[in-house]
Amino acid sequence: GYLTQPHTSAGRIPTAEAYKLYVDKLMPKRKLSKDELGIIKKYFGHKITELGDMLKSTAKVITEITNLTSVAFARHKPDTRVESIRFVRLTADSALAIIVTDAGVIKDAAVEAPRGADDTYFLNASVLMSSVFGGHTLAEIASPNAIIRQVEKAYEQIFQAVLDILKSYADEPTGEMVLEGSAKILEQPEYGNVAKAKAMLEFLDAKEKLGTALPYGERIGIRIGADEELPDCAIVTATYSVGGVEGSAGVIGPMRMDYPKVISVLDYIGKTIKLLPETEGKEQE
């Protein structure tokens, strides 16, 4: 069960089970070269002030070193707690809502307000919304109880806008996701077949489906082989935690990938991210 013959004139190649056996039992450890370490330092050697920048840097460095498609994402923790909400007037009937949690600024989005609302209205709305939502977790807000539904009529519109923002944030399965080097898939001989290439590109394009297929929760997570969620490929990810935010980063490529190199890269990047100051993992106001 460890070798297969794709067609009668072909040689035998390892099956998904063979690669799993290799990774679990036979894979040697690999040290990164000085050049590879230098690339990582280049991307993380400067101050990173936003979560989005950290995800982009992580994805870019993985792709540059491994020459494979990479993904980096942050998952929203249901126990993330709202600390305050502030509104800054933009126009006569809109404002910028800045929602701060114990994980940092999770959202700054434009919301509609009653026409003619002045600065005093938005100041009062800030105080009111902070008192209504403050102290509640995303899980609690996703199913609002009677207490947080009791809002003065004049602020119902802006309350509903904030509630919608928080609920959509809590409902997103993967939160913020960055994909880098999608075209790298086409450089792999395994995807020279049009049908296989199309299946992989469609998989990468469907971020919600991709998010549920990624290994998560393990220090190093590996999925090899095709199933109902996964096309014919391998995914290797590492889980990290910084600034109260949890996430993963990894590679997507053919089953025939350099697993020792990939795992060494992910492990080193995870250690680098862990050493970042906590405030650098958060989005700043």
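Mentor: First, the term: a salt bridge is a side-chain nitrogen of Lys or Arg within 4 Å of a carboxyl oxygen of Asp or Glu. This is a predicted model, where local features need pLDDT of at least 70, side-chain atom pairs count only at pLDDT 80 or more, and totals for chains, interfaces and linings use all residues. Residues are numbered from 1 along each chain as its sequence is written, and side-chain values use heavy atoms, with hydrogens and water left out.

Trainee: Which residues are linked in a network of salt bridges?
Mentor: R30, E36 and K261.

Trainee: How many salt bridges in the whole structure?
Mentor: The search finds 14. One of them joins the side chains of R89 and D119, at 2.9 Å from N to O. R89 sits in strand β4 (residues 82–91) and D119 in helix α4 (residues 119–133), so the pair ties together parts 30 residues apart in sequence. Helices (H or I, at least four residues) and strands (E, at least two) are DSSP runs, numbered from the N terminus.

Trainee: Is D119 buried or exposed?
Mentor: Exposed, at 51% relative accessibility. R89 is partly exposed, at 40%. Buried means under 20% relative accessible area, exposed over 50%, partly exposed in between (1.4 Å probe, protein chains only).

Trainee: What does R219 pair with?
Mentor: D267, with the closest N and O atoms 2.6 Å apart. R219 is in the loop between α9 (207–213) and β8 (220–224) and D267 in helix α10, so this pair ties together parts 48 residues apart in sequence. R219 is exposed, at 58%. D267 is partly exposed, at 23%.

Trainee: Switching to cavities. How many of 30 Å³ or more?
Mentor: One. The largest cavity has a volume of about 50 Å³. On a 1 Å grid over the protein atoms alone, a cavity is a set of points where a 1.4 Å probe fits but cannot get out; a pocket is an open set with protein on both sides within 12 Å along at least five of seven lines; lining residues have an atom within 4 Å of a point. Grid points are joined across faces, edges and corners, and a volume is the space filled by probe spheres set on the points.

Trainee: Which element gives the most to the lining of the largest cavity?
Mentor: α10, with four residues. The lining includes T58, Y240 and L266.

Trainee: And the second largest pocket, how much space?
Mentor: About 270 Å³. It has 13 lining residues, and I13, E190, K196, D232 and M255 are the closest to its centre.
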